[in-house]
Amino acid sequence: MPYSGFPMKRVLIAVFLTASFSATAVMAEISLPKILSSHMVLQRDKPLHIWGSGTPGEAVSVTFHNGKGSAVVDELGRWSVELPVERAGGPYTLTVKGTNTIALEDILVGDLWFASGQSNMEMPLKGFGGATVVKDAEREIREANHPNIRLLKVDLKAATYPMEDVLTGTAWVKCTPETAKDFSAVAYFFGRSIEQHEKVPIGLIDSSWGGTPAEAWTSLEALGSDASLMPVFAARAAMMDREATVIREDAADARAKAEGRMPPTRGWHPNPVSYEPGGLYNAMVAPFTPLPIRGVIWYQGETNSALNRAPTYDKLFPALIEDWRKQWRDEEMPFLFVQLAAFTSTPLEDWPMVREAQRRTLKLRNTGMAVTIDVGQADNVHPPDKETVGERLALWARSISYGERVEASGPVMKELVPRDSGLMVLFDHAAGLNARGGAVTGLEVAGPDRIFVPAAGKLEGEALVVTSPTVATPVYVRYAWKNFPEANLYNGAGLPASPFTSMR
């Protein structure tokens, strides 16, 4: 659907701002949102959308390469122009003229990917410091000279309603060692792989925030339209209780310092602002929805593994995906995500439940899941091997978005059928099915009582037969069902099988 003005969801904001425009925009200069700047990448093969603000009634003209367009600033001080489709290329200059002239230089046309999630997406190439490092970071940073890759890092902000521009933030930059070191490592490795294989300019938008739940990244419009998602607001209420605890701790620490005492060591507390349902969508996603993109890469779920959140993720995560597609007006937009890696965590978190919700989300069209169960570390929620994660996401992009005939997935459970005194598991993506190191590990079966016990597995071509001497009539099977499980099942492409359970 072409961009003809601004989404209806922002009408209320527009009404709120009308008074401000009438009072202050007597002769406002033409301006562009901060997310449009020199050195950016515009999406190829889709109409180009350029928009901004100015004085009501003012004529605006836009030129870019061979395309031209014009508009008149509306009564709310906005204008919007759609330019013809462009093929990959550049650099070009974008010129916007009203009472003033804006020239954005060194703009490439290629593919834009929006990278989002929590800390494992946010973790920069230089790492977070201390023991939280990225594998081979010094070498990777030193070699990060890619003039056809452009980067935009979004500042951490939340808002109470959908914003039309980012609140603060830096402009687009070229990918250099200096700029890449502070940019998402997963997004960098993904973009590097895509640029190398597709030979087109790549723009990467890093809009991620550590320790954040999926509901904060979902619009209130989507959350409020599904009654099954109401528990996310109850979880928010629990967070408000935690906010009160933080306030008490801060006050106690202040008293200790005033009395010359050393405050006690406190555990990590998430930023309450970043937990507000819809808050991060409003500030860090909504401003980008008028901008055509190629697709999304997503790495999140750790925060939603909490026992009061995990049961909702199977509804929440698909709702987020469909919400973003609706907001971007692209029902087929590729959405590629990372399944949680192995991590010991605590009994207060259920990582297998979140992984299963992620696996079941593959039922949505144009989704791809990078399985990383073999990348995790028992005592490290931020595993250092971000290159493997980015490369596995890139395999999905090459398959779904670019139409390459590459194997992008490890084995994924497709069907379960009885087999003698056991169960036969059939898989998709199972060519060359094998167990590294010998027998298949991490298998369990359960009878009608739903009590799981360890089981043995035998590979038969692209299938797996699972049995246990203590369960005469198994009904359910699961694999790698622990926070930090044993998992050694792969396909011939060297990609690990997804953890799974057949029990709903």
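In the predicted model, Glu122 has a relative accessibility of 15% and therefore counts as buried, the limit for this class being under 20%. The residue belongs to helix H2, which spans residues 119–122. Beyond its neighbours within four places in sequence, Glu122 is in contact with Phe128, Leu156, Ser184, Ser208, Trp209 and Gly210. The C-alpha atom of Glu122 is also separated by 8.2 Å from that of Val186, although the two residues are 64 residues apart along the chain.

Val186 is in turn one of the residues of helix H5 that meet helix H11. Two packed helices are described by the angle between their axes and the distance between the axes. For H5 (residues 185–198) and H11 (residues 386–401), the axes come within 7 Å and cross at roughly 45°. The two helices are therefore oblique to each other, and H5 passes H11 in a right-handed crossing. On the H5 side, the contact is formed by Ala185, Val186, Phe189, Phe190, Arg192, Ser193, Ile194, His197 and Glu198. The residues of H11 that they meet are Lys386, Glu387, Val389, Gly390, Glu391, Leu393, Ala394, Ala397 and Arg398. Classified by residue type, this contact has nine nonpolar, three polar and six charged residues.

Helix H10 (residues 351–360) is largely enclosed by the rest of the structure, because eight of its 10 residues are buried. The buried residues of H10 are Trp351, Pro352, Val354, Arg355, Glu356, Ala357, Gln358 and Arg359. Their cover includes one helix, H9 (313–328), together with the strands E12 (335–338), E13 (367–370), E14 (412–419) and E23 (500–501).

Ser468 is located between strand E20 (463–467) and strand E21 (476–479), and counts as buried because its relative accessibility is 9%. The side chain of Ser468 makes a polar contact with the side chain of Thr470, at 3.1 Å. When neighbours within four places in sequence are set aside, the contacts of Ser468 are with Val445, Val453, Pro454 and Ala455.

Key: Residues numbered from 1 in each chain as written. Predicted model: local features only at pLDDT ≥ 70, side-chain atom pairs only at ≥ 80, totals over all residues. Heavy atoms only, no water. Helix = DSSP H or I, 4+ residues; strand = E, 2+ residues; numbered from the N terminus. Buried < 20%, exposed > 50% of the residue type's maximum accessible area, 1.4 Å probe, protein only. Polar contact = N/O pair within 3.5 Å; in protein donor to acceptor, adjacent residues only side chain to side chain. Contact = heavy atoms within 4.5 Å. Axes fitted to C-alpha atoms, helices over the stretch in contact; angles between N-to-C directions. Parallel < 35°, antiparallel > 145°, perpendicular 65-115°, else oblique. Left-handed = near helix turned anticlockwise from the far one by under 90°. Nonpolar A, V, L, I, M, F, W, Y, C, P; charged D, E, K, R; others polar.
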